[in-house]
Amino acid sequence: MSSSVVEIRTSLAQGVSVSDDALVVDLADGRTISVPLAWYPRLAHGTVTERSNWRFIARGVGIHWPDLDEDISVEGLIAGFPSNEAPSSLRKWMKSRGLLANNALQRSGSLVTVRAKKRTGRAKRPRR
């Protein structure tokens with residue numbers, strides 16, 4: 001049985017735009033790559049101003065957003081790779097920005113509310 005190798009032809013980024021729904025990157029070879037913004041949670045949670053503040057890495061090999069501490073490579077975009085940031089790292093970043101409430105914990109993708117304690121020091125019990 002024979003197999004073939006797929007070669008990904010990488011180009012340099014020459015233009016970037018970010019909307020509420022998508023990251024769009026224009027490449028030097030004429031292609032345009034558009035991916036859902038949800039693939040990159042830091043961009044999705046950033047403000048318009050933060051998303052607009054980007055710079056090329058190595059003349060277009062990648063894109064860096066300093067206000068969001070996000071780096072995305074053109075090669076990853078072409079290959080269709082979403083962010084691979086660890087959930088714990090994203091939670092820490094979101095908490096540092098005040099995006100997670102002080103009375104909530106993020107676990108396994110679901111929000112778990114921490115019950116406030118009564119003045120007696122006992123935790124509230126659910127009403128029946």
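Student: Which residues of α4 are exposed on the other side of the helix?
Tutor: Lys 92, Lys 95 and Ser 96 are exposed there. This is a predicted model, by the way. To be called exposed, a residue needs over 50% relative accessible area.

Student: And which residues of α4 are buried?
Tutor: Leu 90, Trp 93 and Met 94. Buried requires under 20% relative accessible area.

Student: How do you know that these buried residues sit on the same side of α4?
Tutor: Leu 90, Trp 93 and Met 94 are the buried set. They cover an arc of only 100° around the axis, so they lie on the same side of α4.

Student: What do the buried residues of α4 pack against?
Tutor: They pack against α1. Past the end of α4 comes Gly 98, with a positive phi near 75°.

Student: What makes Glu 85 and Arg 42 a salt bridge?
Tutor: Their closest N and O atoms are 2.6 Å apart. The cut-off is 4 Å, from a side-chain nitrogen of Lys or Arg to a carboxyl oxygen of Asp or Glu. Arg 42 and Glu 85 therefore qualify as a salt bridge.

Student: Where in the chain do the two partners sit?
Tutor: Glu 85 is in the loop between α3 and α4, and Arg 42 is in helix α1. They are 43 residues apart, so the pair links distant parts of the chain.

Student: Why is Arg 42 called buried?
Tutor: Its relative accessible area is 7%. The limit is under 20%, so Arg 42 is buried. Glu 85 has 23%, so Glu 85 is partly exposed.

Student: What makes Arg 97 and Glu 50 a salt bridge?
Tutor: The closest N and O atoms are 2.8 Å apart. That is within 4 Å, so the pair counts. Arg 97 lies in the loop between α4 and β7, while Glu 50 lies in helix α2.

Student: Is Glu 50 buried or exposed?
Tutor: Buried, at 15% relative accessibility. Arg 97 is partly exposed at 28%.

Student: What distance separates the closest N and O atoms of Asp 29 and Arg 31?
Tutor: 2.8 Å, and the two form a salt bridge. Asp 29 is partly exposed at 34% relative accessibility. Arg 31 is partly exposed at 26%.

Student: How many salt bridges does the rule give?
Tutor: The count comes to 5.

Student: Why is Ala 58 called exposed?
Tutor: Its relative accessibility is 53%. The threshold is over 50%, so Ala 58 is exposed. Ala 58 sits in the loop between β4 and β5. Its phi is positive, about 50°, although it is not a glycine.

Student: Why is Ala 13 called buried?
Tutor: Ala 13 has 6% relative accessibility, and the limit is under 20%, so Ala 13 is buried. Ala 13 lies in strand β1. Its contacts include Val 25, Leu 27, Phe 56 and Val 74.

Student: What is the volume of the largest pocket?
Tutor: About 160 Å³. Among its lining residues are Tyr 40, Ile 72, Phe 81 and Glu 85.

Student: Which element gives the most to the lining of the largest pocket?
Tutor: β6, with 4 residues. β6 and α3 are the elements that give two or more residues.

Student: How do the lining residues of the largest pocket divide by type?
Tutor: Into 5 nonpolar, 4 polar and 3 charged.

Student: How many helices and strands does the protein chain have?
Tutor: It has 4 helices and 8 strands. Buried residues make up 26% of the 128 residues.

Technical notes:
Residues numbered from 1 in each chain as written. Predicted model: local features only at pLDDT ≥ 70, side-chain atom pairs only at ≥ 80, totals over all residues. Heavy atoms only, no water. Buried < 20%, exposed > 50% of the residue type's maximum accessible area, 1.4 Å probe, protein only. 1 Å grid on protein atoms, 1.4 Å probe; cavity = no way out; pocket = protein on both sides within 12 Å on 5 of 7 lines; lining within 4 Å. Points joined across faces, edges and corners; volume = space filled by probe spheres on them. Nonpolar A, V, L, I, M, F, W, Y, C, P; charged D, E, K, R; others polar. Arc of directions from axis to C-beta. Contact = heavy atoms within 4.5 Å. Lists of a residue's contacts leave out its neighbours within four places in sequence.
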